[in-house]
Structures are given as C-alpha cells and as structure tokens.
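Please look over the sequence and the structure shown below before reading the report that follows. The report takes up pockets, cavities, strands and salt bridges in turn.

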Amino acid sequence: MNEIVSPEIQRYAEEHTSVEPPLLKKIGRDTFADVLMPRMLSGHLQGRFLAAISRMIRPRMILEIGTYTGYSALCLLEGLQPGGKLITIDINEELEGRVRQYFKDAGVEARVDFRIGKASDIVPGLDGPFDLVWLDADKENYSLYYDQVIDKVHSGGWILADNVLWSGKVIGGDTDKDTLAMRAFNDKVMADAKVRTVMLPVRDGISLIQRI
C-alpha cells in the first residue's frame, strides 16, 4: 500500500490522536513481527477512527468482513451496546488461534461470533439487521459483499468500506483486477439511490455509506 498522506502529516495526526489500548499495541507489534502482509492491519490512526465511529453510532449488531489479526474488531467493539454482538468473518484459518486468543485476552469472547470461511458463503445466511458493517476483505469481491449486506443494514445504519482509494490507483491508468474492482465498487455506491456516502482520504481511503 502506497502512502497517500505524507509520512510527516501521518505522524503528526497520530501524535494528536488518543493512544491505543495496550492490547492493541501488542497486536500491532505481533502482527508486524509474525504475520504476512502486516500493512493490512488497521493501525493506530484508523483504529481510533473506527472506535470513534462505533462509539458515535452505539451499534447493537456489527458485521466485519475481514478479521485479519483482530485489531479492527476490538476497535469496533468499543462502541458496542451492552448485550450486543459482533460477527467477524475471515478466510485465513491459520490466524484463527491467534485471533481467538486476542479476543480472550480482551475479555470479549462472549460478544464476538468469529467465523472462518468464505464471506460470500457466510453472509447470505446471516439475519441482521446490522447497525454497522466494516468491509475490509478481498477487493475483487467488494461489490458482491455490498450486494449481500445492503438489505441487511437497517435504515440509518452504516457500511464503512476500507481501501477505497487503493493507493491512489483508482484515479490513474492502472487496469489490474483489484484496481478495476475498487473503481467499480466506488461507482456502484455512488449510483445506489438507497444510500448516501462520503469518501474520506483517511489512510488508504474509507467510505462512510449510510442506508437511507
């Protein structure tokens, strides 16, 4: 992932953002030390952004598509209502034990439904309605996941989609499959009369999509 914001601005923003809880710092260190493609981690600034959004929305039901090492899930849980549930889906079974241990360390096991498998197979069987959906999985299937979840989000609920600027390649001449998929997804959202959206240049781009 190429930096869209200059490293100096990124560093300044992080210095003026509340610190991560200790467990999230540990997850970040562990991920960069032990896991492939650690830049997939949400990290400090984006993580605090997700936590802030969740605390504003106060969701009762959250769906996360793309767990990775569990960092973003723990951020989203910060605003979850008492008695609420977060369902998080990832295809990488090799990380399952690590992630479940992090959830145990955080004391949130009872509030998390962690599922391993293809999201495109799992999402159609979920009931919802969801107050908040965090989409951060394989880019080629973003449009499919959107189609699968949009009618499971209640009026006023939110979908947050990561990587929508795709290292800036969405505005260039790149024609690789992931860039084409992200352009198609962004255009799909803009054309959907069922939602209103704003795209933010936070890290690699996040779209905030509200179901009308």
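## The second largest pocket

Grid points are joined across faces, edges and corners, and a volume is the space filled by probe spheres set on the points. The pocket is lined by 14 residues, of which Gln10, Glu14, Gly43, His44 and Arg203 lie nearest its centre; a lining residue is one with an atom within 4 Å of a point.

Helix H1 (7-15) and helix H3 (43-57) each supply at least two residues of this lining, and the largest share, four residues, comes from H3. Helices (H or I, at least four residues) and strands (E, at least two) are DSSP runs, numbered from the N terminus. By class, the lining of the second largest pocket has four nonpolar, five polar and five charged residues, where Ala, Val, Leu, Ile, Met, Phe, Trp, Tyr, Cys and Pro count as nonpolar, Asp, Glu, Lys and Arg as charged, and the others, Gly among them, as polar.

## How the model is read

The model is predicted, so local features need pLDDT of at least 70 and side-chain atom pairs count only at pLDDT 80 or more, while totals for chains, interfaces and linings use all residues. Residues are numbered from 1 along each chain as its sequence is written, and side-chain values use heavy atoms, with hydrogens and water left out.

The largest pocket has a volume of about 870 Å³, and among the 33 residues that line it, Met37, Met40, Asp136, Ala137 and Asp138 lie nearest its centre. The elements that give two or more residues to this lining are E2 and helix H6 (119-122). The lining of the largest pocket divides into 14 nonpolar, seven polar and twelve charged residues.

A search of the whole structure also finds two cavities of 30 Å³ or more, a cavity being a set of points where a 1.4 Å probe fits but cannot get out. The largest cavity has a volume of about 50 Å³, and the residues lining it include Met40, Leu41, Ser42, Gly66, Tyr71 and Asp136. Its lining has four nonpolar, six polar and one charged residues.

## Strand E2 and its neighbours

How is strand E2 placed between the other elements described here? Five bridges join strand E1 (residues 61-65) to E2, and these two strands run parallel; two strands pair if DSSP finds at least two bridges between them. In this pairing, Leu63 stands opposite Ile87 in E2. Five bridges also join E2 to strand E3 (residues 112-116), again with the strands running parallel, and there Leu86 stands opposite Val112 in E3. Because five of the six residues of strand E2 (residues 85-90) are buried, the strand is largely enclosed by the rest of the structure. Buried means under 20% relative accessible area, exposed means over 50%, and partly exposed lies in between (1.4 Å probe, protein chains only).

## Salt bridges

A search of the whole structure finds twelve salt bridges, each being a side-chain nitrogen of Lys or Arg within 4 Å of a carboxyl oxygen of Asp or Glu. One of them joins the side chains of Asp30 and Lys26 (2.7 Å, N to O), which are separated by about one helical turn because they are four residues apart in helix H2 (residues 22-34). Asp30 counts as buried at 17% relative accessibility, whereas Lys26 is partly exposed, with a relative accessible area of 34%.

Asp34 forms a salt bridge with Arg98, the closest N and O atoms being 3.8 Å apart. Asp34 lies in helix H2 and Arg98 in helix H5, so this pair ties together parts that are 64 residues apart in sequence. Another salt bridge joins Arg115 and Asp113, with the closest N and O atoms 2.8 Å apart. Finally, salt bridges that share partners join Arg48, Arg55 and Glu78 into one network.

Methods: 1 Å grid on protein atoms, 1.4 Å probe; cavity = no way out; pocket = protein on both sides within 12 Å on 5 of 7 lines; lining within 4 Å.
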